[in-house]
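Please read them with the structure open.

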Amino acid sequence: MRSISMAYPTIDLAATGAHIRQLRLEQGYSVQDLQAYLGLEHPQAIYHWQHGRNLPSVDNLYALSKLWGVPMDKIIVEQAP
């Protein structure tokens, strides 16, 4: 087995949530717009993302990246080492 010397990367939930909110506002979308686009029954999931309680699923993250025209890794904020 090969040895890996780099630190294990983690996602900063709070910073990612703030970034999702920032991107949403910059692009001119409301929470209800995203809810409809993603086919979510309730908007709470989006509020939870924005408050750093949890992350979007990979499917939802991919859909947001296509909607906003940014790569998925530009939505996620990495935890500082």
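The points below go from the basis of the model to the fold and then to one helix pair.

1. Basis. This is a predicted model, in which local features need pLDDT of at least 70 and side-chain atom pairs count only at pLDDT 80 or more, while totals for chains, interfaces and linings use all residues. Residues are numbered from 1 along each chain as its sequence is written, and side-chain values use heavy atoms, with hydrogens and water left out.

2. Fold. The protein chain has 4 helices and 0 strands. From the N terminus the order reads α-α-α-α. Helices here are DSSP runs of H or I of at least four residues; strands are E runs of at least two. The C-alpha trace spans about 45 × 25 × 20 Å along its principal axes.

3. The chain has 81 residues, and 28% of them count as buried (under 20% relative accessible area, 1.4 Å probe, protein chains only). Take the contacts (heavy atoms within 4.5 Å) with a separation of 6 or more: 57% of them join residues 24 or more positions apart.

4. Helix pair. The axes of α2 (residues 31–38) and α4 (residues 58–68) come within 11 Å and cross at roughly 115°. Axes are lines fitted to C-alpha atoms over the stretch in contact, with angles from 0 to 180 degrees between N-to-C directions. On the α2 side, L34, Y37 and L38 make the contacts; they meet N60, A63, L64, L67 and W68 in α4.

Methods: Buried means under 20% relative accessible area, exposed over 50%, partly exposed in between (1.4 Å probe, protein chains only).
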